[in-house]
Amino acid sequence: MAQTEIRIKEVIGPQERRDLRIRRALLLPSLLVIGFGLVLPICIVVIYSFLRPGTYGGVIWNFTFSAYIQFLFERDIFDNTLTFQTAYLEIYLRSFLQAVAATVGAFLLGFPAAYFIATRPLATRTMWIFLITVPYWVNLLIRTISMLFIIRDEGPLNYLLIWLGVVETPVRIAYTDFAVGLALVYSYLPFMVLPIYAAIERFDFRLMEAAYDLYAGRWTILREIILPVAKPGIIAGSLLVFIPSLGSFLAPDILGGGKNLMIGNMIALQFQGSRNWPFGSAAAVILMGVVLIALMIFVRQQLRQRVRTN
Amino acid sequence: MAKTAIAVVEVTKVYGAGSGAVTALDNVSLEIRDNEFFTLLGPSGCGKTTLLRGIAGFEELTDGRILLFGEDIGPLPPNKRPVNTVFQQYALFPHMSVAQNVGFGLRMLGRDRAETEATVQRMLDLVKLGALAGRRPTQLSGGQQQRVALARALATRPRVLLLDEPLSALDLKLRQEMRVELKLLQKETGITFVFVTHDQEEALTMSDRIAVMSDGKVQQVGGAQDIYDRPVNHFVADFIGETNFLDVEIEDIAGDRAHCRSRAGLALEAEAPEGATPGLRVSLSVRPEKIGIGTPRQGGNAVVERLTYLGTDTHYLVRAGEESLLVRVQNAHGRSSHFEVGARVALTFDPDAARILAD
Amino acid sequence: MARRTRGEELRRYPGFRGLTFGCLFFLYAPMVVIAVYSFNAIRSITVWGGFSVSWYLKAFSNPAIQKAAMNSLIVASVAATVATVFATCGALALARGRPLRGQEAAFGLINLPLMVPEIISAVASLLFFVAVGIPLGLGSIILAHIVFCIPFAYLPISARLEGVEAYYEEAARDLYADRWKAFRYVLMPLLMPGVISGFILAFIISLDDFIITNFVAGPGATTLPLAIYGMVRTGFTPEINAISTLMLLISTFFVSLSYLVGRRQKGF
């Protein structure tokens, strides 16, 4: 009887090896493009955040922390002392709160919708999902503009309100924090619905009937049974709304009216108006840090989920 | 002396490495003769499909060689081997018509259009699908798809045709029809068929020779009767048909016959293997239909525990001491020799009923 | 309305249906409103002056708009084509056969542009071009677009590829087709709906992009979104409504097309 040796490395024949070579070659273009088109540029951003700003934009190759310091402190021109300033922190805080508000708003509107769609008969379900998803693919700029068009002082909404007699003068909705939040929900709502829908769809609804048989009330079931089932979808959806909202540019720019700056506008300003590239880079790096933390929480939750199902 | 179409020489296939490694084929050696209908038979996971894929070229061997008419085809990719496969799921190209499917191999070989068209028509007529040349595979029934797959694989006149459980998706009646047709096809074309199945009835009815496999090893190779009447080990005896296993001790050897006695005192004789000596304990395989059951003159040597009436046969489960035996009796000749549960009976054994197993 | 079954009754939550319709209304209303106003013959919010396409004609007789539209089409065509080719190659590499070393990292890298907030990609692209010395113009826009179009093309292609069983290629190779012929005559046709779907998606994404384009566009290289943005700055005009509605329709049409093509069964 032949003794099967314990092999340490798997034996791969020449045909398979050639297959692997071809596949690696096929992968190369995409990896190179994204490596040089995104990864390398991001590294450049990080590097630039440690340099000095040039007079007319651009950078001077002097290594310094001044961009990050500028974030928190203001340097007095005369005696070179640093005083703590909150202007930029406020912008980050506002962005954070807006993103949270948008996430909550999207959840309040999106969860019931996701649940409803998941309980539709199979044939119509895909149609519902299609209807909910299509707006996302339609130009974000135009969607944001259309929202402005409606809620501005001379817009149809105000016209309707006046015509109905609810108010006498136009209500200022546009160019407020509320408008920005509304636009954020409007932009990313489908991304809250889809993951929750996917999670609830897998749920075996006969468990619900079992719970009813045990005298549980409708809302108790929602809280105790359905919400936990939907939890992975809720977390995924929240991240998919929170992260883009945090770095959003168009919503605060078009609907915020230049006063309620968010991180996105602030960064854009450094590269267009103020021309302080290192500072803009530093702000971008900080934003990336926040996003990374959010992503790590997500990954940790995914891993825990995988362990639990194993 | 028939030529050897395929020689499988000490072939081993291992997937993975280290402690997670799976040995699909363990030092397998086989010879498949030219113009033969050869079947690889075994349960799922025994390695039969892996071996077939190794011959086709879809699996590369960890060790050993495969020779096609004397030539080592190991280094050749599948498209360079004059061997074609009929896949279990047919694998008909959905975006091509039936005619384009059947002609695909010829196109790839660069045959000219007129020749290809003629061959395609001939092949479709051979499998009795001549009128369906323009259809798409999705418009065909399972049986028709199977025939197209067959025609496609035969169109290029391969030296060997490999069939990977091609009948498993068909219903019973169709399967029985196809068994006959495949057998005829093989005789007509003279191509060596290597057929993979887990259905022993299929193997027994269609094959010239059968290789019974299990756990990546070949257990036995032989014709249908060989395998059935002279199984070499427990696995083969149990996998093919039904059998009874008896632990016995060899009491006496006369010539080439070994006289054995079971613990309960049943006396059987079987062909003595080489090196057998009295006092040796062996396992016997006893086919149920080769056991006679009759009214005992004295106490008898077994008691009926259970009986099942099946129209053509009656099955008795009898107990001799601590051992149970299944006995199959044909309800023929108007004989209604019928035993009740609890009746004492006398079991008799044909001289060729028992077979000493090697393990 | 048909009586509900017990199962349906149990699963029902009051108000959820209304909220779902509310969601859809919320999502679609602004676009519908803009569309309606774009056909208003009179330049007024309050008065309907009759159906007219005059604003559409006016908008597209504007040479600046024409140039922007042409640029958008060029950028989208080139970027989507290149991205689809690269994404197809990538999908073939990752979604077939035994996993490569670093498979998951490669997959993560391909999808990275989807994870990074657009403003960061925009800044990064700008700094990269400046640092490396690539002049800002239509070319830089195309390069930046290729990067984020790849993952959008990749997703439908790899989804389609995973649905194509391995035995088709095996059958082709068994029938004397070498690797290239097996791909060309068997795999590619089966893959085509996914490739087309991916191309359309990438095309739309490129056409619609604003933030990244805004950052890496040079003077004179305007795309439609950039033009619209500039026009909105100075106040709403019906021309803006017209162009916006047109872009909405085009996007919606192509997204639906991509979806339908991608769902075509293998049965052809």
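**Helices, chains and domains in a predicted model**

Good morning; I begin with a pair of helices in chain C, where the crossing of helix 8 and helix 10 is right-handed, a crossing being right-handed if the near helix is turned clockwise from the far one by less than a right angle, and left-handed if anticlockwise. Please keep in mind that this is a predicted model, in which local features need pLDDT of at least 70, side-chain atom pairs count only at pLDDT 80 or more, and totals for chains, interfaces and linings use all residues. Residues are numbered from 1 along each chain as its sequence is written, while chains are lettered from A and ligands numbered from 1 in the order in which they are written.

Helix 8 of chain C covers residues 138–162 and helix 10 of chain C covers residues 179–208, and they pack at an angle of about 155° with their axes 8 Å apart. That makes helix 8 of chain C roughly antiparallel to helix 10 of chain C, since angles over 145 degrees count as roughly antiparallel, under 35 as roughly parallel, 65 to 115 as roughly perpendicular and the rest as oblique. The axes are lines fitted to C-alpha atoms, for helices over the stretch in contact, and the angles run from 0 to 180 degrees between N-to-C directions; the helices themselves are DSSP runs (H or I, at least four residues), numbered from the N terminus.

Among the residues that make this contact are Phe152(C) and Ile157(C) of helix 8 of chain C, and Leu201(C) and Ile205(C) of helix 10 of chain C, where contact means that the C-beta atoms of two residues, placed from the backbone, lie within 7 Å. By class, this contact has 15 nonpolar, five polar and one charged residues, with Ala, Val, Leu, Ile, Met, Phe, Trp, Tyr, Cys and Pro counted as nonpolar, Asp, Glu, Lys and Arg as charged, and the others, Gly among them, as polar.

Now to the meeting of two chains: the contact takes 75 residues from chain A and 69 residues from chain C, and helix 1 of chain A (residues 14–48) gives the largest share of chain A's side, 20 residues.

Finally, in chain B the domain assignment gives domain 1 (4–238) and domain 2 (242–356), whose C-alpha centres lie 39 Å apart.

Key:
Helices (H or I, at least four residues) and strands (E, at least two) are DSSP runs, numbered from the N terminus. Domain bounds come from an automatic or database domain assignment.
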